[in-house]
Amino acid sequence: MTENWPLYEVFIRAKSGLSHRHAGSVHAADDEMALNHARDVYTRRNEGVSIWVVKSSEIVASDPEESAAMFEPAKDKIYRHPTFYDIPEGVENL
Amino acid sequence: MDKQQALFRYLVRLGDNALILAQRLIEIVADGPELEEELANANFSLDYLGQARMFYTYAGEVEGEGRKEDDFAFRRIDREFENFLLVEQPNGHFGDMIVRSVLFDAFYLLQLEALADCSDQRLAEIAVKAAKEIRYHLRYGSQWLIRLGDGTDESHRRVQESLNELWRFTGELFDADNVDDAIHADFAGPALDSMKAAWTSAVAAIAEEATLTLPEDQWMAGGGRKGLHSEDFGFLVAEMQHLQRSYPGLNW
């Protein structure tokens, strides 16, 4: 084979109630095959109860070159963290 | 043949089908066309091997003469194996393997689903566990068959040839003998007549989606369950048993 099958990103939910987390990637010729491959590669040791696969080319990613503009402005906005608020007495489960 | 004897023979046959297919699949381990397909194939082989171990272990207990799983797998000669000819067929190309798997798994899944309701509790429990694995094997195999059959002109042609070649080994699947009759009558096991209808429509549905033509029923090969195997079978058994034959009783 001269050309690789398209790459898919694999997300696994470890158990009910948790969110899907990125597990890795697989090559596959179509969506169904990607699901099978993800199952065979990433859940063979009982790692999951649900799988999402998505073509890597469908993922829109931030550009590392723009990371200064994207992420640095949040660095000094400490007031966005909830540490400065006093929790009123009598509030439970916060 | 009394009940226990029939159950024993039936368990050994189930083990033989699973073991021989496991051995065929593992012959190509590390030769997969893609890393992911490689893993799938090795997983499948180990699924069948695990099932064979459960069937043989139980067979040994039913027989009551102290035989263990390894005695069945490694210390019987080829003529003592009673697997179907279909599962021992050489791997050939990828399409041949897919067709062999689909034809067998479609049968095996129906067999296991019927056994899940049989009156022998231990066999029913093994069948429930194994059916989950085989349901996935069949999903994987039929998707590949559809992909190849409904793929390029060449993949269609080659996989149609595989189907034509292997069809003659499917008659044996439904050729009931006194062991099958006893399992049906005494243990409420599968009825091969109705299984044949279900198998035929399942395979026909996959073939239709794959744009393949099911061969007309023709002369059917038989003999596997009488211990009469294909020419290649002796080589398979020799390779599989080599270690135990050279070093009897060898352990990990």
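Biologist: At what angle do helix H5 and helix H9 of chain B pack, and how far apart are their axes?

Modeller: In this predicted model, H5(B), residues 94-115, and H9(B), residues 192-209, pack at about 140°, with axes 10 Å apart. Axes are lines fitted to C-alpha atoms, for helices over the stretch in contact, and angles run from 0 to 180 degrees between N-to-C directions. Helices (H or I, at least four residues) and strands (E, at least two) are DSSP runs, numbered from the N terminus.

Biologist: Why is H5(B) called oblique to H9(B)?

Modeller: Under 35 degrees counts as roughly parallel, over 145 as roughly antiparallel, 65 to 115 as roughly perpendicular, and the rest as oblique. The angle is about 140°, so H5(B) is oblique to H9(B).

Biologist: Which residues of H5(B) and H9(B) meet?

Modeller: Among them are B:Leu103, B:Phe107 and B:Gln111 in H5(B), and B:Trp199 and B:Ile206 in H9(B). Contact requires C-beta atoms, placed from the backbone, within 7 Å. By class, this contact has 12 nonpolar, one polar and no charged residues. Ala, Val, Leu, Ile, Met, Phe, Trp, Tyr, Cys and Pro count as nonpolar, Asp, Glu, Lys and Arg as charged, and the others, Gly among them, as polar.

Biologist: Turning to chain A, what makes E2 and E3 edge strands?

Modeller: The open sheet has the order E2-E1-E3, with antiparallel pairing. E2(A) and E3(A), residues 50-55, each have a single partner strand, so one side of each lacks a neighbour in the sheet. Pairing needs at least two DSSP bridges, and E1(A), residues 7-13, has six to E3(A). In that pair, A:Tyr8 stands opposite A:Lys55. H1(A) packs on the sheet, touching E1, E2 and E3 of chain A.

Biologist: How many residues does each chain bring to the contact between A and B?

Modeller: Chain A gives 12 and chain B eight. H1(A), residues 31-42, supplies the largest share of the chain A side, namely six residues. That side divides into six nonpolar, three polar and three charged.

Biologist: What confidence does the predictor give?

Modeller: The complex has an ipTM of 0.83 and a pTM of 0.90. Chain B averages a pLDDT (confidence in each residue, from 0 to 100) of 96, and 100% of its residues score at least 70. Local features need pLDDT of at least 70 and side-chain atom pairs count only at 80 or more, while totals for chains, interfaces and linings use all residues. Residues are numbered from 1 along each chain as its sequence is written, with chains lettered from A and ligands numbered from 1 in the order written.

How values were computed:
Two residues are in contact if their C-beta atoms, placed from the backbone, lie within 7 Å. pLDDT is the predictor's confidence in each residue, from 0 to 100.
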